[in-house]
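I opened this notebook to keep track of what I looked up in the structure and in what order.

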Amino acid sequence: MTETELSLERLLFNLNTLAELGEEITSPKDFTRVVKSSLYMVMGSFSSSRGAIFQHENGSGSYVPIASKGLGDIGGLKLKLNDEAVSELLKRREPVDLSSGGAGLLGAARETLEKIDARVLACLTVKDELLGLIAINGKFSGEPFTVYDFQLLSVMSQHISFSLHSHSLLMKLMHKYTENKNLYENLRRIYYDTIHAFAAAIDAKDSYTRGHSHRVSAYSAALAREMGWSNDEVEGIRIAGLLHDIGKITVDKTIINKASPLTSYECRELNSHPVIGYEILSKIKFPWKGIPMMTRNHHEKVDGTGYPDRLRKSEIPIGARIMALVDAFDAMTTDRPYRPRLSFREAICEVRDNWNRQFDPEVVHPFISVIRKEVRRETDNPTIVPLLQEEIDGASLNRLLDGFPRA
Ligand SMILES: [Fe+2]
């Protein structure tokens with residue numbers, strides 16, 4: 001074979017190797033497999049039996065093996081390079097022949113490379129960053145590495161650098177994503193904790209209504225879910241339920257807890273809480289819509305006799321109509337300063353008697369439906385029935401609900 005033919009054959013071999021390496025690097029396989037097969041290709045191209053790819057370990061100044069062949073377990077091995085060695089390697093760019101004295105620049109890493117019998121070291125670089133190194137031992141044939149070998153290794157290293165760089169960017173992105181996700185979760189927890197603390201502060205003003213805001217919140221969410229609201233909308237009304245009485249924070253405790261009838265002044269004070277609540281909450285940018293208005297209108301009645309805006313039927317936001325029902329239902333089924341709690345039966349009769357006057361049939365029906373499903377154990381997460389202070393018997397519930405007006 002002539003010299004020209006030999007060169008041509010070598011060129012074709014090199015092109016073929018690079019094409020295969022390019023294909024491997026851009027394949028959707030996982031990173032570990034890509035690095036491993038890239039190393040095998042490099043070693044195959046030079047008939048090396050032992051080799052490893054090292055990657056820069058963030059913050060340590062060391063390079064750790066991420067793929068190896070023929071070296072046994074080298075997981076604990078680290079190539080420590082000082083700044084001088086790194087800058088020298090970056091300056092050179094091309095592979096270093098360790099058998100011809102090139103190892104001098106490597107400092108302490110030289111000993112480690114000798115341990116694994118490395119003969120050639122190639123840099124994996126992007127711009128001015130030494131991302132990693134490829135170390136391989138001598139050719140199986142014992143022949144020395146040629147200029148062409150070094151050129152090929154150099155191009156192969158550039159290909160692998162690209163893969164390493166992409167992976168490193170991806171990892172940084174993932175890390176940032178996880179960091180942001182954790183930050184978001186923390187903020188979310190703080191947000192919810194704050195809202196719960198507000199709800200507890202509201203309920204603490206009234207010795208009789210402890211847990212009222214939580215029950216209104218849970219009942220409203222269960223009802224909204226039954227009515228087909230989206231998860232986001234359900235979350236919104238859950239928060240509105242927790243905060244609906246926030247305006248009571250400004251009302252005198254003695255008025256809230258008064259057992260005897262209120263004077264007209266006291267009544268005005270107490271009835272101001274939806275508007276005060278609205279004013280407080282409308283200044284907050286909630287991620288859910290309608291919370292201030294649900295708060296403002298949770299004492300409206302569909303016949304227009306409620307307060308503060310005396311709205312009628314559909315003029316009242318649907319969320320406020322839900323809360324008006326569950327707020328009244330919870331008030332009925334818990335003790336108050338001025339009367340003991342009603343039984344479940346009495347409360348349902350009260351709802352029925354105020355059907356289409358105080359309460360909107362559009363929400364009463366799904367409310368009854370939720371209770372029926374919970375009593376019949378047809379729902380995975382019962383919400384209303386477990387919070388009631390009495391056992392509900394299925395048969396008597398049926399008799400009670402059968403007499404209910406149809407929508
Ligand atoms: Fe209220």
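**Entry 1: overall dimensions.** I began with the radius of gyration, which is taken over C-alpha atoms, and found 37 Å for the chain, whereas a compact globule of 407 residues would come to near 22 Å; the globule rule is 2.2 Å times the number of residues to the power 0.38. Along the principal axes, the C-alpha atoms fill a box of roughly 110 × 45 × 35 Å.

**Entry 2: what kind of model this is.** I noted that the model is predicted, that local features need pLDDT of at least 70 and side-chain atom pairs count only at pLDDT 80 or more, while totals for chains, interfaces and linings use all residues. Residues are numbered from 1 along each chain as its sequence is written. The pLDDT (the predictor's confidence in each residue, from 0 to 100) averages 87 over the chain, and 92% of the residues score at least 70.

Entry 3: I counted 15 helices and 6 strands, which are DSSP runs numbered from the N terminus (helices are H or I with at least four residues, strands are E with at least two). In what order do the 6 strands lie in the open sheet? The order is 3-2-1-6-5-4, with antiparallel pairing, where two strands pair if DSSP finds at least two bridges between them. Strand 3 (79–80) and strand 4 are the edge strands, since each pairs on one side only. Strand 1 (residues 51–57) and strand 2 (residues 62–69) run antiparallel and are joined by 7 bridges, and Ala52 stands opposite Ser68 in strand 2. Helix 2 (residues 31–45) packs on the sheet, where it touches strand 1, strand 2 and strand 6, and its direction makes about 70 degrees with that of strand 2; such angles run from 0 to 180 degrees between N-to-C directions, with axes fitted to C-alpha atoms, for helices over the stretch in contact.

**Entry 4: strand 5.** I then followed strand 5 (residues 120–126), which is largely enclosed by the rest of the structure because 5 of its 7 residues are buried. A residue is buried if 20 or more other C-beta atoms, placed from the backbone, lie within 10 Å of its own, exposed if 12 or fewer, and partly exposed in between. Strand 5 pairs with strand 6 (residues 129–136) over 7 bridges in the antiparallel sense, and Cys123 has Leu133 in strand 6 as its bridge partner. The hairpin of these two strands has 2 residues between them, and Lys127 there takes a positive phi near 50 degrees. Strand 4 (residues 96–97) runs antiparallel to strand 5 and is joined to it by 2 bridges, with Val120 as the bridge partner of Asp97.

**Entry 5: the cores.** Last, I looked up the nonpolar cores, meaning sets of buried Ala, Val, Leu, Ile, Met, Phe, Trp, Tyr and Cys residues joined through C-beta atoms within 7 Å. The largest has 38 residues, and Leu223, Leu243, Ile322, Met323, Leu325 and Val326 touch the most other members. Helix 12 gives this core its largest share, 8 residues. Beyond its neighbours within four places in sequence, Leu325 is in contact (C-beta atoms within 7 Å, placed from the backbone) with Phe359, Val363, Val364 and Phe367. A second, separate core has 37 residues, among them Tyr63, Leu81, Leu89 and Met156.

How values were computed:
Contact = placed C-beta atoms within 7 Å.
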